[in-house]
Amino acid sequence: QVQLVESGGGLVQPGGSLRLSCAASGSIFRVYTMAWYRQAPGKQRELVATIISGGSTNYADSVKGRFTISRDNAKNTVYLQMNSLKYEDTAVYYCNANIRTVVGGNSYWGQGTQVTVSS
């Protein structure tokens, strides 16, 4: 059994910052790519950023230069530092991880954390 638990969402004013965290726990053998997605009301879930186990990252054009994804492999945790937040960043943010357990590999999702950018 694997769980992804997110934290760090909340209400922030435009231009502000938030840091999201997502910790994976359970019978984990290895964690491969970790990622953050988001879903705004009435819209499809979209990829925000990815990071592989070696540290290489990729970002959606809409967040480049403002968001930074990082990970702590020893803690099986991925972070998303969000700066210069805009109204359009309001969404539920989900973490995702490709994890190998003793019984095989799978893609896992967190429960989501709400980020609201509002004045």
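Select Asp61 to begin: this residue is exposed, with a relative accessible area of 67% (exposed is over 50%, buried under 20%, partly exposed in between, using a 1.4 Å probe and protein chains only). The model is predicted, with local features needing pLDDT of at least 70 and side-chain atom pairs pLDDT 80 or more, while totals for chains, interfaces and linings use all residues. Residues are numbered from 1 along each chain as its sequence is written, and side-chain values use heavy atoms, without hydrogens and water.

Lys64 and Asp61 form a salt bridge with the closest N and O atoms 3.1 Å apart (a side-chain nitrogen of Lys or Arg within 4 Å of a carboxyl oxygen of Asp or Glu). The count by this rule is 4 salt bridges.

Next, select Asp89, buried at 1% relative accessible area. Its side chain meets that of Arg66 in a salt bridge, 2.7 Å from N to O. Asp89 sits in the loop between strand 8 and strand 9, and Arg66 in the loop between strand 6 (57-59) and strand 7 (67-72), so the pair ties together parts 23 residues apart in sequence (strands are DSSP runs of E, at least two residues, numbered from the N terminus). Arg66 is buried, at 10%.

Now show Arg38, which also forms a salt bridge with Asp89 (2.9 Å, N to O). Include Glu46 to display the network of salt bridges linking Arg38, Glu46, Arg66 and Asp89.

Finish at Cys22 and Cys95, a disulfide with sulfur atoms 1.9 Å apart (the cut-off is within 2.5 Å). Cys22 lies in strand 3 (residues 18-26) and Cys95 in strand 9 (residues 91-101), so the link joins parts 73 residues apart in sequence.

Notes: Helix = DSSP H or I, 4+ residues; strand = E, 2+ residues; numbered from the N terminus.
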